[in-house]
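Q: I have a structure open and would like to go through it piece by piece. Can we start with the strands?

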Amino acid sequence: MKSSRPHAAWVPWFFLGPFLLGFAIFVAWPLVRAVALSLEQTYGPGVRVFIGLRNFEFLLRDPLFWTAFRNTVVFTLGSLLLQMPAALGLALLLNRPSLRGRHWFRLVFFSPALIGMVFAATLATLVFEKQTGLINYGLHALCRRWDPDFPWLEDYLMTSLLLAALWLYTGFNMVYFLAALQNVPADQLEAASIDGAGRGRRFWHVTLPSILPVGGFVVLLSVAGSFQIFVLPYVMFLRTGGGGPHDRGLTILMYLYKTGFLAGDLGYASAIGWVLTLLLVGLVLLHRRLTRGEEI
Amino acid sequence: MRAPLARLLGVLSPAAWLVVVLAIGSSIGVALVRVPPPRGLQFWIFAIQHRPYYLRAVAAWNHRHPDEQVQLTLINGNSLQQRMMSSFFSGTPIADVLEVERTIVGPAFAGPLDQVGFVDLTDRLRRQGLLEAVNAPSFSPWTSRGRIFGIPHDVHPVLLAYRADLVAAAGIDVSHIATWDDYFRVMAPLMQGRDGSVERYLINGWPSDLYTCEILLLQAGGALFDARERPTLNAPANARFIARLATWYTGPHRVARSLDYFSASGHQMLQSGLTVGLLVPDWYVGLILKPEIPGLAGKLKLMPLPAWEPGGRRTSAWGGTMLAIARSSPRPRAAWDFAQYLYLDPAGAIALFRGDGIVTPVKSNWGNPAYDEPDPYFCGQPVGRLFVDEASHVPLRTSSPYNQLAISAFDNCLIDVTAYAARTGRFDPGALVPEAQRLLDAAQAEVRSQIGRNVFLSVQP
């Protein structure tokens, strides 16, 4: 049988061209410019002075950057510790065929991911208000000793941020785990059951290894997303100057935004951006090393 | 062999062709549609409360100046800041005249002086005698490196509002209160409930409240920057101030409690009498207290702030707005005429007071009898006169682009000293001063390092 006619050499380039052009203009060139920019101090794009590596040098001893870095790491670890077990637990629960209305519950838990982030953050702010906020009001109603003036958005910024993120993202991560759970080989589960394995052993020895690649991917997505968290804390902490007391709510991207787009120092913001990029690349490489390049 | 057209069409699916056609068509459409340039002077404001008066003022101006029509636009404060800075950085469209609030103006002064996006009004103000006509301290937030970039909208002196009904019921005489120590001593009986527990507190405030911190610091004579805009966070006077203020918030002599200024819960707590006193600027009276907490009508009175030391300052300042002209405005002359009309007109000053409770910075208007009218909300006190009497005593404020950073760092020290007092059981201000000084030294170093890396500021720390 005659094979189809080979394409002319230009055909792949014709199809790749639009992407390559867009990539070059909107990704590659800005990245190169960001390197150059990180060696300058600017006041907006128009006023600039070359200062060599001083932005990076200052970054290493900038307490605000390290506060933002520490907050971001705490948020990332807290998110992982709270969201992953919650998402997996919900997925296991909602994967049970015997559960009535599970499709409805899936939608309910996923629904926070469907609403706009600014709207969600505004709602979260109202929920954590003193006196009238749902959490303080509810806790006070349940336990009269709870102080209805509990300052979630002043002294417990990271806790409130973690709780808001838990509400927003658990359902989203749950969907990944649900998809993975539906691909767990039924014959292996059945074989384990025949061999006398209980529910816990089946989960530990069959289900968990099967969903581990997806779990690793969800962790990677969560880490990358947590390191880039911006809108949620920006809106929630707007009233406390963006970072709150001791900048406890300041994240790396918030600091980058304030530096670059409010103070106009695009050079320093680029330096922060590059450090964040290198961090994320490092985390991806670490993830690949830990999973030994295992595909999902 | 297929026709060339058929071959070309076969390269993409019908749906993909539809996308291509839509993309090309919409691009051409966007390129062809001409957005008409805005007509007349563009005037941006951020405060919805200012809008009703400005609508009337602009209508009157437009009636008298058919060739220089003004178009008023209300924009959210954060959006205004971002559009303003985008314009200064990249030349995106901006209004000819814009109202700018003090907390968002800082970044506009962070670059070289010749890159400030507002028209330098210094010489014009001097030529027209406005430097003398307008309350001098009111220029300070809009002055960078000796140049003035805006006409002040207000003075915003701060007074103390207190629950006159509770005071009268307890038979307390407030006429001899001159200092904060007097105030807390005289009002102390109001704190105790029937069972001896603390029923209410004497003043509104909490350690992480930046507003109260800055208001009281300025009143006490402290400052975060000197006249050359160099940071002075660790001045000994500031350490003494923090040590004293921390004892308001913790320990056996605690007198303050948190009560949010702008939320329904805060209003509810104020109305229920959880605090006796509240720091109030003129705008808070006109725009928040009276319209949002009508239940307090006839229950509050005003007095000058008790001083930190006998004979000390009896007021402070909170907030502030200026009217600035964008340097990119093609009609700077008309913009200046409009700015003068809006901010310096005597009728406008009185309308501003009657509508929003705000005292004008134009001193010649201060004699107007409108300020002497009794206000039933404050038990018939002449509220305008009380604010006007303190207007010329408001403290100078900085325009440093690093002010927000400095006040945050300063307030963090207050939070830490308060926690230190609670932890160690030291509630004597004198014993807290060394810790306050140590923390302020660290905060000063932090703020200095941030300012020090800005190569554009001609004044280096």
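Q: How do strand 3 and strand 12 of chain B pair?
A: This is a predicted model. In it, strand 3 (residues 97-101) of chain B pairs with strand 12 of chain B in the antiparallel sense, over five bridges.

Q: Which residue in strand 12 of chain B is the bridge partner of B:Val97?
A: B:Ile325 is the bridge partner of B:Val97.

Q: And what joins strand 6 of chain B to strand 12 of chain B?
A: Two bridges join them, and the two strands run antiparallel. B:Pro152 has B:Met322 of strand 12 of chain B as its bridge partner.

Q: Is strand 12 of chain B buried or exposed?
A: Buried: this holds for five of the five residues of strand 12 (residues 321-325) of chain B, so the strand is largely enclosed by the rest of the structure.

Q: Which way do the residues of strand 12 of chain B point?
A: B:Thr321, B:Leu323 and B:Ile325 point one way, while B:Met322 and B:Ala324 point the other way. All of these are buried.

Q: What's the strand order in the open sheet of chain B?
A: The order is 2-1-3-12-6, five strands with mixed pairing. At the edges are strand 2 (70-74) and strand 6 (151-152) of chain B, each of which pairs on one side only.

Q: What does "mixed" refer to there?
A: Strands of a sheet can pair either parallel or antiparallel, through backbone hydrogen bonds. Here, strand 1 (residues 41-45) of chain B runs parallel to strand 2 of chain B, with five bridges between them. Strand 3 and strand 12 of chain B, by contrast, are antiparallel.

Q: Which residue of strand 2 of chain B is the bridge partner of B:Ile45?
A: That is B:Leu74.

Q: Which helix lies across strand 1 and strand 2 of chain B?
A: Helix 3 (residues 51-64) of chain B does, and it runs at about 165° to strand 2 of chain B.

Q: Zooming out, what are the domains of chain B?
A: The domain assignment gives domain 1 as 41-152 + 319-391 and domain 2 as 159-316 + 400-452. Their C-alpha centres lie 29 Å apart.

Q: How many residues does each domain of chain B give to the contact?
A: Domain 1 of chain B gives 20 residues and domain 2 of chain B gives 20 residues. On the domain 1 side, helix 16 (residues 383-391) of chain B gives the most, with four residues. That side divides into twelve nonpolar, six polar and two charged residues.

Q: And the whole of chain B, how many helices and strands?
A: Chain B has 18 helices and twelve strands. Its C-alpha atoms fill a box of roughly 100 × 55 × 45 Å along the principal axes. Of its 461 residues, 46% count as buried.

Q: Now the other chain. How many residues do chain A and chain B put into their contact?
A: Chain A puts in 23 residues and chain B puts in 26 residues. On the chain A side, strand 1 (40-43), strand 2 (47-50) and helix 7 (152-155) of chain A are the elements that give two or more residues. The residues on that side of chain A are ten nonpolar, eight polar and five charged.

Q: What confidence values come with this?
A: Chain B has a mean pLDDT of 93, and 99% of its residues reach 70 or more. For the complex, the predictor gives an ipTM of 0.79 and a pTM of 0.85.

Key. Residues are numbered from 1 along each chain as its sequence is written. Chains are lettered from A and ligands numbered from 1 in the order in which they are written. This is a predicted model: local features need pLDDT of at least 70, side-chain atom pairs count only at pLDDT 80 or more; totals for chains, interfaces and linings use all residues. A residue is buried if 20 or more other C-beta atoms lie within 10 Å of its own, exposed if 12 or fewer, and partly exposed in between; C-beta atoms are placed from the backbone. Two strands pair if DSSP finds at least two bridges between them. Two residues are in contact if their C-beta atoms, placed from the backbone, lie within 7 Å. Axes are lines fitted to C-alpha atoms, for helices over the stretch in contact, and angles run from 0 to 180 degrees between N-to-C directions. Ala, Val, Leu, Ile, Met, Phe, Trp, Tyr, Cys and Pro count as nonpolar, Asp, Glu, Lys and Arg as charged, and the others, Gly among them, as polar. Domain bounds come from an automatic or database domain assignment. pLDDT is the predictor's confidence in each residue, from 0 to 100.
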